[in-house]
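Here is a short report for someone meeting this structure for the first time. Keep the model in view while reading.

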Amino acid sequence: MIRKIRNSLIQLSIKILERLLRDKFAQISDPYTLFCEGKIDFPSEYSIGVGSNIIIPKYSELSLGNGVYIGRYAEIGPNQKIEIGDYTSIQDRTIILGDVSIGRYCTFAPNIYISSGNHYFDKFPELNIKDQDVRVIQNLELGKKHSKPVVVEDDCWLGANVLVMNGVKIGKGSVVGANSVVTKDVLPYTVVAGIPAKKIRNRINFLPPTILNYNRQEDLPYFYSGFLVSDMEKNRYKEFFGIATKKHFSITLNYKSGDVVVVRCKKIVPDRVWIYHDHTNYELTNEFSEYQFHLDKEEFLIPFSLEREVDQATTSSLPYIVVESCFIKT
């Protein structure tokens, strides 16, 4: 009798060990679930943790930047597009749904919820909430307003258990305290916390200057978006004596309508490259030159775009250009 019990226990132990090994192998060979009927843009280097669900419906898109990390048991589901910028890390059990843009270098703690959508209880109040949701989405006019995109700009840190409501924009460099509910826009380099989240203090005193220089640390926040400003990237391109960028970038300076902004930059790829702002454009050279653009509107950001004519024989993975300095010329 004792031998029979011992043999049964051995067999049970073997089965448990086999099950554990199968589960471990499944995690290694297929760590997360990907269901894709839409478009995906994944870089060469990224990581998605065990148990995560990535669901990309038809006509929607998910774009991950280089070095993006997504932890375990996360859920990502775009409506039209979710974009996550280079070197952003998103920890376990985070849920991101709808139309959401997340910048470069962001740090997300566990259990964050972001959605551009909503549920409805008072559009057709006699109906069940689920039925109201369906009617809103199927209604041509109401459906257009259903998704209110969420934007989290570069270098933001969101603490554990943060909820970000639809339509909210969290400005560059901001910090959101743990357990907060963000119901309205957060200005750049602001620290907020609470339910609803309110300003606690400034991370820096964000006051755009009239001159920016790539080698002044205090100027880096005003090289606002599109620039490769991590220590690793600055060191990688230091031989070019500027801050690298590609495709689109923006700066913020203290100016008024009618002023001229001067951008001193050069291309670092062998292909032809043009810089655009509004209706003005220049073809760049491989030597630093100053390019002038008239500012007709007083806006927070001064946006630029780059166009590259790629020669397949000389295609380079380098950024398009480096910017040495920018300044306002009155």
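Asn111 is found in the loop between β10 (107–108) and β11. The model is a predicted one. Asn111 is not a glycine, yet its phi is positive, about 65°. Most residues other than glycine have a negative phi, and most peptide bonds are trans. At 30% relative accessibility, Asn111 counts as partly exposed.

Phe241 also has a positive phi without being a glycine, at about 60°. Phe241 sits in the loop between α4 and β22. Its relative accessibility is 49%, so Phe241 counts as partly exposed. The peptide bond from Ile195 to Pro196 is cis, with omega near -5°. Pro196 belongs to the loop between β18 and β19.

## The overall build

How many helices and strands does the protein have? There are 4 helices and 28 strands. The protein has 330 residues, and 41% of them are buried. Take the contacts between residues at least 6 apart in sequence: 41% of these join residues at least 24 apart.

## The largest pocket

The largest pocket holds about 1300 Å³ of space. Its lining has 43 residues. Glu83, Asp86, Arg104, Lys246 and Lys247 lie nearest the centre. Several elements give two or more residues to this lining, among them β5 (61–64), β12 (150–152), β21 (225–227), α4 (231–236) and β27 (302–309). Which element gives the most? That is β22, with 5 residues.

About 530 Å³ of space lies in the second largest pocket. The lining is made of 21 residues. Nearest the centre are Ser115, Ser116, Gly117, Asn118 and His146. The elements that give two or more residues here include β11 (113–115), α2 (129–138), α3 (140–144) and β14 (163–164). β7 and β9 are also among them, and each of these two strands gives two or more residues to the largest pocket as well. By class, the lining of the second largest pocket has 6 nonpolar, 12 polar and 3 charged residues.

## Helix α2

Which residues of α2 are buried? They are Gln132, Asp133 and Val136. Seen down the helix axis, these buried residues fall within an arc of 105°, so they line one face of α2. On the other side of α2, Lys130 and Gln138 are exposed. The cover over the buried residues of α2 includes α3.

## Aromatic pairs

The whole structure has 12 aromatic pairs. Phe206 and Tyr222 form a tilted pair, because their ring centres are 4.9 Å apart and their planes are at 35°. Phe206 lies in the loop between β19 (198–202) and β20 (211–213), and Tyr222 in the loop between β20 and β21, so the pair ties together parts that are 16 residues apart in sequence. Phe206 counts as buried at 15% relative accessibility. Tyr222 is buried too, at 6%.

Phe206 also pairs with Tyr224. This pair is edge-to-face, with 6.3 Å from centre to centre and 70° between the planes. Tyr224 is buried, with a relative accessible area of 3%.

Elsewhere, ring pairs build a cluster. Its members are Phe223, Phe227, Phe249, Tyr282, Tyr291, Phe293 and Phe304.

## Around Thr190

Thr190 lies in strand β18 (residues 190–193). Is Thr190 buried or exposed? Thr190 is buried, with a relative accessible area of 6%.

Thr190 and Ser174 are 16 residues apart in sequence, but their C-alpha atoms are 4.8 Å apart in space. Leaving aside neighbours within four places in sequence, Thr190 is in contact with Ser174, Val175, Lys199, Arg201, Asn202 and Arg203.

Conventions
Residues are numbered from 1 along each chain as its sequence is written. This is a predicted model: local features need pLDDT of at least 70, side-chain atom pairs count only at pLDDT 80 or more; totals for chains, interfaces and linings use all residues. Side-chain values use heavy atoms; hydrogens and water are left out. On a 1 Å grid over the protein atoms alone, a cavity is a set of points where a 1.4 Å probe fits but cannot get out, and a pocket is an open set with protein on both sides within 12 Å along at least five of seven lines; lining residues have an atom within 4 Å of a point. Grid points are joined across faces, edges and corners, and a volume is the space filled by probe spheres set on the points. Ala, Val, Leu, Ile, Met, Phe, Trp, Tyr, Cys and Pro count as nonpolar, Asp, Glu, Lys and Arg as charged, and the others, Gly among them, as polar. Buried means under 20% relative accessible area, exposed over 50%, partly exposed in between (1.4 Å probe, protein chains only). The arc is that of the directions from the helix axis to the C-beta atoms. Contact means heavy atoms within 4.5 Å. Rings of Phe, Tyr and Trp (its six-membered ring) pair if their centres lie within 6.5 Å; planes under 30 degrees apart count as stacked, over 60 as edge-to-face and the rest as tilted.
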